[in-house]
Amino acid sequence: MTIHRHKLLLSLCAAVSLAAFSPARAAESDTTTPPVATETTTTCTDGKIWSDEKKECIAPEDLKPVEKKPTEEEQKKSERLIDDKLYEAAREFAYAGQHENALRALRAAYDQEDPRILNYMGYNTRKLGNIELGMTYYKRALQKDENYILARSYMGQALLEQGDVEGARVQLVEIRDRGGENTWAYRALLQSLGGERTTY
């Protein structure tokens, strides 16, 4: 009876953690809303990013943490905030068709192993015509987080561009099986596949 209760408890914990994890990961990767154009793409030039703090355009490489001597935790938080700004700027550049500027913003990020950064490096590299290099970024993003379904969607689209329909379908199934069937990542790849749902 004790062993049975133990197994039951383990099963319940696994189900709860999986249920809690999957929708969160899927929602995090749902990018149906294009970024709002800001001064970054309406005013700034040469790949510079608008700084709300300084009220001017600055180079992505010049986004720096506060000058005071921070604790390690404060430093990490500051770097994460800067990476978030750079990622958002990269999305804005990408939607404006400024893929070189998007890559410049991404290269300025502190955490070059962040799956978001790697995925968007892949996307913009692919849009500039280098699908092979783009694929290496997608693979690295998925090595860091195999549940990052947006990278799976972009990888699937890259596979389609290379004529690998079967490979793209595999990624569609992976997205579905990781709780992402109701997300933009799934719908975008499904549409690229001609709306053809797969049964495996």
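These are my notebook entries on a predicted model of one chain.

**Entry 1: ground rules**

I number residues from 1 along each chain as its sequence is written. Since the model is predicted, local features need pLDDT of at least 70, side-chain atom pairs count only at pLDDT 80 or more, totals for chains, interfaces and linings use all residues, and side-chain values use heavy atoms, with hydrogens and water left out.

**Entry 2: confidence**

I looked up pLDDT, the predictor's confidence in each residue, from 0 to 100. The chain averages 84, and 80% of the residues score at least 70. Where is confidence lowest in the chain? Helix H1 (residues 2–28) has the lowest mean, 38, while H4 has the highest, 98. Over residues 1–29 pLDDT stays under 50. For that stretch I found 15 contacts (heavy atoms within 4.5 Å) beyond four places in sequence. A note to myself: where pLDDT is low, the predicted coordinates should not be read in detail.

**Entry 3: the overall layout**

I counted nine helices and two strands. These are DSSP runs numbered from the N terminus: helices are H or I with at least four residues, strands are E with at least two. Along the sequence the pattern reads α-α-β-β-α-α-α-α-α-α-α. Of the chain's 200 residues, 42% count as buried. Buried is under 20% relative accessible area, exposed is over 50%, and partly exposed is in between (1.4 Å probe, protein chains only). I also checked contacts between residues at least 6 apart in sequence: 57% of them join residues at least 24 apart.

**Entry 4: the core**

In soluble globular proteins, nonpolar side chains tend to be buried together. I followed up Leu86: leaving aside neighbours within four places in sequence, Leu86 is in contact with Ile49, Pro60, Leu63, Ala105, Ala108 and Ala109.

**Entry 5: the second largest pocket**

This pocket holds about 270 Å³ of space. A pocket is found on a 1 Å grid over the protein atoms alone, as an open set of points where a 1.4 Å probe fits, with protein on both sides within 12 Å along at least five of seven lines; lining residues have an atom within 4 Å of a point. Points are joined across faces, edges and corners, and the volume is the space filled by probe spheres set on them. Of the 15 lining residues, Thr40, Ile49, Trp50, Asp52 and Lys85 are the closest to the pocket's centre. Helix H2 (39–42), strand S1 (49–51) and H3 each give the lining at least two residues. H3 has the largest share, four residues. By class I get six nonpolar, three polar and six charged residues. Here Ala, Val, Leu, Ile, Met, Phe, Trp, Tyr, Cys and Pro are nonpolar, Asp, Glu, Lys and Arg are charged, and the others, Gly among them, are polar.

**Entry 6: residues in helices**

Arg107 sits in helix H4 and, beyond four places in sequence, is in contact with Gln112 and Met121. Its C-alpha atom is 9.7 Å from that of Leu118, 11 residues away along the chain.

Arg140 is in helix H6 (residues 131–144). Beyond four places in sequence, Arg140 contacts Gln112, Glu113 and Leu118.

Ser153 in helix H7 counts as buried because its relative accessibility is 0%.

Gly167 belongs to helix H8 and is buried, at 13%. Gly167 and Met155 are 12 residues apart in sequence and 9.1 Å apart, C-alpha to C-alpha.

**Entry 7: positive phi in loops**

Asp46 lies in the loop between H2 and S1. Its phi is near 55 degrees, a positive value in a residue other than glycine. Asp46 counts as exposed, at 62%.

Lys55 is in the loop between S1 and strand S2 (56–58). Phi of Lys55 is near 55 degrees, again positive in a non-glycine residue. Lys55 is exposed, with a relative accessible area of 58%.
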